[in-house]
Amino acid sequence: MASIDIKSEITGTVWQVKAKPGDKVESGDTLIVIESMKMEIPVITEDAGTVTEIRVKAKDPVAEGQVVAVIEG
Amino acid sequence: MAHEALLKEYEARRAKALAGGGAEKYAKRKAAGMWNARERIDYLVDKDTFIESGLFGSSGVYAEQADETQTDGKLAGFGKIDGRDVCLVVNDFTVKGASTSATNSKKIAHMKRTATERGMPLVVIGESTGARLPDAMGSRGMGQLLGNDVTQFRRLRETPMCAAAIGPSFGSSTWLMCQADFAVMQKGAVVAVSSPRLVSMALGEKVSADDLGGWRLHAEVTGLVDQVVDREEEVFDAIKRFLSYMPSHHMEAPPDAPVPGGSGADMDKVFSVLPESRTQVYDMKRIIRALADKDTLFEIKPRFGKSAVVGLARLGGKSVGIVANNPLHRGGALDADACRKIVDFLVLCDSFNVPIVLLVDTPGFQIGTEAERAGAPGKIMNFMNAITLVTVPHLSVIIRKSYGRAYVCMGGGRHSDDIAAWPTAEVSFMSPEFATNIVHGVGVGEPGFEEALADIRKGADVWGLAAVYAAQAVLRPEHTRDYLIRMLDVFKLRITKGVGQHLMRSWPTSY
């Protein structure tokens, strides 16, 4: 078990938060959706685990590489 | 009697050599769930095909170490994988940590030379502590052991090279991972220039082996490793699978394989993968899996530069390299990592006569401060240069967006042998929303924006591209697989029997 940072791949604005702390997630699940370049771009976990933190809310600006969620997996 | 005594000595020496670092060390590894070097060879090669080279080797520096340096710590030899000959070097960690010294360097050199000159893949299985000390210490040690073979790290890609890292893999094991055409790592292995201990001594930096050179670093940040696996047998399965797509050497075409039943069965649904809203993304891998022969996609670097997908696959039983944008990540915008991943893969395919299929859906190259800091222009121009040097058949299919310089890099204009487009294709210098602002001077929500946007969008549709013959075909999506199989045959290299010009064979990858 390790703590895994989930980062936004892209600079943009949070459009939707789809996961909350305590949620069990699988590889490929979308945690957050970022609006960038006129597209809805998902923040996806590569690893399965349990969400421990969601660090952003709707309309927050995010930078490329910013940690937006943490999972324990 | 004299003959009998000689044979007795032979058997005794042989048994000792086969015992490597001794039964105790082997038992310890077994208890830890790790295979020993000979078990690795048994799993990797076809039954009874391994011929060892250098079984009776031992330290070439200290004759008195003969008993403790069986095989000098690296097993070498020839075997067959799926009936095809390969040259092997498999480290035996029980003998002085499989460290590199004089005799085992000769063994590696002989395997590499033979593989290169006689056209066989080279497979090196790493697990090592690095250079052997004190053998390489001092000016005499350096002069004797390092740099006397200029071909040691020369790569001209005459034959495919695979490398694996299992457990600690410092020194030569790390160098060879970086030079290989396919590098696979088991979770728990460490690929790094030096050990955490040396880092701590030299820099005072406390770092775990995993943070210094663990799988996550190489899969996600450095991109130096092509695949990561959980279990040891998967290391060898991955190598066998990689080689199945490759020719034995660069002067022949890759082998054909039977077309698995059920291939193409999902093509009638392939168009539904694409969302009707152009602001929504999808996973390009679903389209690749539908197009390729069933279950043949072998993805390379899946966690690195994820807005691009590259992988080996088969179409109609023929090896192909897939280069695709993946809108699921960054909307398909190509960043510096994605460019590097694609260039490395173009080098691989072109060097080993593997035709390429490019699947295009990208809003362009990633822009912004992060991209510029990562040296995006340099990476983009490397990509541009590489696509002009591809000499194997290469076909593009524009699925949706293809904008700006990325349009050309992904095969646009005459940078592919043939360009087909889906009716959803949209091609322009930049995304319509931004173009509307720049060309018409109106922003989102301002009067006249929607009309101007509609006009710009119409100008980006597929028919403009088809009208000026910049797309040679517009396809119903469900026909794409059959079209590609037919066009790979049309464009095959008849004159050279499938062999390309290998203009990138000396291209340094892994940077």
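Predicted model: local features only at pLDDT ≥ 70, side-chain atom pairs only at ≥ 80, totals over all residues.
Strand β2 (residues 12-17) of chain A runs antiparallel to strand β4 (residues 30-36) of chain A, and four bridges join the two. Within this pair, A:V17 stands opposite A:I32 of β4(A). As a general point, the strands of a sheet pair through backbone hydrogen bonds, in either a parallel or an antiparallel way.

Confidence scores accompany the model. The ipTM is 0.88 and the pTM is 0.95. For chain B the average pLDDT is 96, and 100% of the residues score at least 70.

Chain B also contains an open sheet, here of seven strands in the order β1-β2-β3-β4-β5-β6-β7, with mixed pairing. Its edge strands are β1 (51-52) and β7 (227-229) of chain B, each of which pairs on one side only. Strand β2 (residues 74-81) of chain B is joined to β1(B) by two bridges, and these strands run antiparallel. Across this pairing, B:I51 stands opposite B:F78 of β2(B). β2(B) also pairs with strand β3 (residues 84-91) of chain B, in the antiparallel sense and over eight bridges. Here the bridge partner of B:A76 is B:V89 in β3(B). β2(B) and β3(B) form a hairpin with two residues between the strands, and B:D82 in this hairpin takes a positive phi near 50°. Of the eight residues of β2(B), six are buried, so this strand is largely enclosed by the rest of the structure.

Helix α14 (residues 376-389) of chain B was examined for its length and its packing. At 1.5 Å a residue, its 14 residues should span 20 Å, and the C-alpha atoms at its ends are 20 Å apart, which agrees. The buried residues of α14(B) are B:K379, B:I380, B:N382, B:F383, B:A386 and B:I387. Viewed down the helix axis, the buried residues of α14(B) fall within an arc of 155°, so they line one face of the helix. These buried residues pack against two other helices of chain B, α12 (336-351) and α15 (404-409).

Several sites in the loops of chain B have backbone geometry that calls for comment. Most residues other than glycine have a negative phi, and most peptide bonds are trans. The peptide bond that joins B:L133 and B:P134 is cis, with an omega of about 10°. B:P134 is placed in the loop between β4 (122-128) and α5 (138-145) of chain B. B:D295 is not a glycine, yet its phi is positive, at about 60°. This residue belongs to the loop between α11 (284-291) and β8 (298-300) of chain B. B:D295 counts as exposed because it has 12 C-beta neighbours inside 10 Å, and 12 or fewer is the cut-off for that class. A positive phi, of about 65°, is also found at B:Y469, which is not a glycine either. B:Y469 lies in the loop between α18 (462-467) and β15 (473-474) of chain B. With 8 other C-beta atoms within 10 Å, B:Y469 is exposed.

Another loop of chain B, between β15 and α19 (480-490), holds B:P477. Is B:P477 buried or exposed? B:P477 has 22 other C-beta atoms within 10 Å and is therefore buried, the cut-off for this class being 20 or more. Leaving aside residues up to four places away in sequence, B:P477 touches B:V270, B:F271 and B:W422. From C-alpha to C-alpha, B:P477 and B:G321 are 20 Å apart in space, and 156 residues separate them in sequence.

The two chains are in contact with each other. Chain B contributes 14 residues to this contact and chain A contributes 13 residues. The side of chain B that touches chain A comprises four nonpolar, six polar and four charged residues.

Notes:
Residues numbered from 1 in each chain as written. Chains lettered and ligands numbered in written order. Expected span 1.5 Å × (residues − 1). Arc of directions from axis to C-beta. Contact = placed C-beta atoms within 7 Å. Nonpolar A, V, L, I, M, F, W, Y, C, P; charged D, E, K, R; others polar. pLDDT = per-residue confidence, 0-100. Pairing = 2+ DSSP bridges.
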